[in-house]
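The sequence and structure come first.

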Amino acid sequence: MAGVECVVEETIGVMEAVQIPQQRGEQLLDNAVRYAEERHWDVFPGTWLEAVEGRERCSCGDAACALPGAHPARPDWANQATGSAVAARRLWSRQPKASILLPTGRTFDALDVPESAGFLALARLERMNLPLGPVTCTPDRRMLFFVLPGAALKTPDLVRTLGWVPSAIDLVARGEGHYVAAPPTRIGGHGAVQWARRPTTANRWLPDADELISPLAYACGREAAAKRIRRA
């Protein structure tokens, strides 16, 4: 994914470039409050990006930070997460540049797949008219499909039932103890997290992992096979 845009498929056969917004404090605050107020998602502030000697560095101070500006700022982040819009406004008012992080395993889990596999699965899910929740697109070329909590526990068995070896395909289920970055959080100089399918009233009720796992596992299996061929 380029640092200035993410190609997002809005409808089958139609691809449009969505410009990554500037990450301003008011955007982060407003979005954090909206996630808590409208979606009832728990939110907590993470690290942020700071200008150091003409470069953007993570506020954690680690020059080699793997997720600059997009990881928890404190070890007790799980206890800091709140579903209160009032509390969210107070937290981001203290540090307007803080990233927006959402703990998984509470109101949703997330199925994390490579971007190419994600778009393939997304097209198939839409053709089959299967239910979809929100989907994010990250600067490191990943897509995360929001599903009902509990997915992390049962996904490996669902994948095996479909005939795939979980360790052989790049499909990760994020549940309790994990978190995801929410738009418009920026990750280093790579770009911003964006919605491939944004939260709407139509997808307020999330699908179960069982409903998405077949297209996702198939797409990830194809991706894994293509990688093996390229290495041969």
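The side chains of D157 and R160 form a salt bridge with an N to O distance of 2.8 Å; the term requires a side-chain nitrogen of Lys or Arg within 4 Å of a carboxyl oxygen of Asp or Glu. The model is predicted, with pLDDT of at least 70 needed for local features and 80 or more for side-chain atom pairs, while totals for chains, interfaces and linings use all residues. Residues are numbered from 1 along each chain as its sequence is written, and side-chain values use heavy atoms, leaving out hydrogens and water.

- D157 and R160 are three residues apart in helix 5, about one turn of the helix (helices are DSSP runs of H or I with at least four residues, strands are runs of E with at least two, and both are numbered from the N terminus).
- D157 is partly exposed at 48% relative accessible area, and R160 is partly exposed at 47% (buried is under 20%, exposed over 50%, partly exposed in between, with a 1.4 Å probe and protein chains only).

**Salt bridges between elements**
- The whole structure holds 11 salt bridges.
- R142 and D112 are joined by one of 2.8 Å, N to O.
- R142 belongs to strand 9 (residues 142-147) and D112 to strand 7 (residues 109-114), so this pair ties together parts that are 30 residues apart in sequence.
- Both R142 and D112 are buried.
- A network of salt bridges links D112, R142, D170 and R174.
- D208 and K154 also form a salt bridge, with the closest N and O atoms 2.9 Å apart.
- D208 is in the loop between strand 12 (194-197) and helix 6, and K154 is in helix 5 (residues 151-161), so the contact ties together parts 54 residues apart in sequence.
- D208 is partly exposed, at 23% relative accessible area, as is K154, at 29%.

- Three strands in the order 3-6-11 make up an open sheet with antiparallel pairing (two strands pair if DSSP finds at least two bridges between them).
- Strand 3 (44-45) and strand 11 (179-181) are at the edges with a single partner strand each, so one side of each has no neighbour in the sheet.
- Strand 6 (residues 100-103) is joined to strand 11 by three bridges, and L101 stands opposite A181 in strand 11.

**Helix 6**
- K227 lies in helix 6 (residues 209-231).
- K227 is partly exposed, with a relative accessible area of 33%.
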